[in-house]
Amino acid sequence: MKTVFGKIYLSQLITTCSVMVLMAALFSFAVSVSVSNWNVGKKGDLESLLLPVILKSYRLSGSLSPADLEKALQPYITDSLYVYLFDSNRHPLLLLEQGKSRSVKDVEKNVGPISSFLSLNKPVPIEESGSVIGYLLVDSMDFFAYKANQVFLSTMKKAVSAGAVAAVLLSLGLSLVTSWNISRKSSELADTIANPSLLEMDINETGIQEFDRIVKSVRGLQQRLKNEEELRQQWMQDISHDLRTPLTAVKMQVEGMNDGVLAADKERFAALYSELTHIERLVCNLQDLSRFESPEMKISLQPVDPLEITSDIRERFSLFAEKKNIAFSCTADRPDNTVFFCDPLLLQRCLSNIVQNAFQYTKEGGEVKFILDRIEDEGGGKVRIRILNTGSIPEIDLPKIFNRLYRGDRSRSTAGSGLGLSIAKAVVSLHHGSVSVRNIPPGEDGAGCNKTETPMVCVSVLIPESAVS
């Protein structure tokens, strides 16, 4: 299995070798260009040196005499030069190599036919009074023919090679240290994450930015796991309480009837049926919540008239509000003949749960409002549904009211399973919407429903007009 150490070290090794190859190629190219420039410059210097000498000999003798030219050029000839002189018709006059005169045959053994050699190496015209009297072809031997140049280049190669070896070794050493350090830190971090006691561990930052981001993420995971563990324990306690209470009541009544202490009459069976109904409702709600929160859950989107949603809520809760002496109003502020897309059955259940919860915690003489309208935000048009009721929720409880089995009544003496708002939140999430709750103090604008005279709780549901299932 590949490790972080191996991957980093191999990457560093490949990078180092690639850099060395590139540097070697650049060095070779630089040497080649330098030698070429040296040869060109040397040739130009020789031409500038010998042309005046040749012209002086021509003026003294009145012609390009090979003997006079050889005598005049001899002091400037070295073993590393070749000097070829031609007449105006480009016929060889004097061919000097390494300080000695050579025949055409000898020269052609080395350079090939003179005519071809001249076509490849352009000679310099020798001019006198505007007329070409001959041609000069002069050049030094190759750069590497000079011992000093050979020594210089050899020294450069040794220095560069030594530097390259030192650079490679240093790079590999640093790579080894860096790779080992990163590998060690990643192993420590992996061992920490895999530790069964992760929740109790204090994870220190490593000083490496990427690893520190992982550390921060793990700390966030620790907090979420702690919250989930607390929620799981609370779940167990709440489910045990909500199931044990009615089960105990049923068991005691059955035992009482069995012992003849309680009469097995119609009222007794009605009480037993009520307790069993409560258990059934709790189990069904738990099953529904699990289904709604499942990734496989899909919703059936249909065009829905907001007025129908509002009318259904009004009809469903008007009688209940009247019995509890609670003022209840439903309004829909949307243009006529407009619809939005949702799963109508699920949305009705979501809104009914929220409204029912509002009635449950509203005292007699209070007020419940249902308001549906439309807003625009960065995500486009959204349907906004607000359910307000008189009263307030302690600030410490506000972030928890959508938690499973959470009830503000810590004695759990109120009716309900504590799953209604959790189911509502799950349904809103299926519609890619959001739900929130806040307290509205007296005198503040009640989310567009005039200033409130008493404290109110406002639950806001936002659903995209064109939700995607």
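Predicted model: local features only at pLDDT ≥ 70, side-chain atom pairs only at ≥ 80, totals over all residues.
**Stop 1**

Select Val19, Leu22, Met23 and Leu26, which make a nonpolar surface patch of about 370 Å². Leu26 is found in helix H1, residues 4-61. With a relative accessible area of 46%, Leu26 counts as partly exposed, because that class lies between 20% and 50%. As for the spacing, an α-helix has 3.6 residues a turn, so residues three or four places apart point the same way.

**Stop 2: Asp87**

Next, select Asp87 in strand E1, which covers residues 81-87. Asp87 is buried but has no salt bridge. Where is the nearest side chain of opposite charge? That side chain belongs to Arg90 and is 8.1 Å away.

Now show the backbone around Asp87. A polar atom of the Asp87 side chain lies 2.9 Å from the backbone nitrogen of Arg90. The backbone nitrogen of His91 is also placed by the Asp87 side chain, with 2.7 Å to a polar atom. Beyond its neighbours within four places in sequence, Asp87 is in contact with Leu93, Ile133, Gly134 and Tyr135.

**Stop 3: helix H10**

Move to residues 420-430, helix H10. Here 8 of the 11 residues are buried, so the helix is largely enclosed by the rest of the structure. Colour the buried ones: Leu421, Ser422, Ile423, Ala424, Ala426, Val427, Val428 and Leu430.

What covers these buried residues? The cover includes helices H7 (266-292) and H9 (344-360), along with strands E11 (434-440) and E12 (456-464). Finish at His432, which follows H10 and has a positive phi, near 60°.

Note on methods. Residues numbered from 1 in each chain as written. Heavy atoms only, no water. Buried < 20%, exposed > 50% of the residue type's maximum accessible area, 1.4 Å probe, protein only. Helix = DSSP H or I, 4+ residues; strand = E, 2+ residues; numbered from the N terminus. Contact = heavy atoms within 4.5 Å. Patch = residues over 30% accessible without salt bridge, like charges linked within 9 Å, V, L, I, M, F, W, Y side chains within 5 Å. Areas by Shrake-Rupley, 256 points an atom, 1.4 Å probe, with all protein chains shown as cover. Salt bridge = Lys/Arg side-chain N within 4 Å of Asp/Glu carboxyl O. Lys, Arg positive; Asp, Glu negative; His and termini not counted. Polar contact = N/O pair within 3.5 Å; in protein donor to acceptor, adjacent residues only side chain to side chain.
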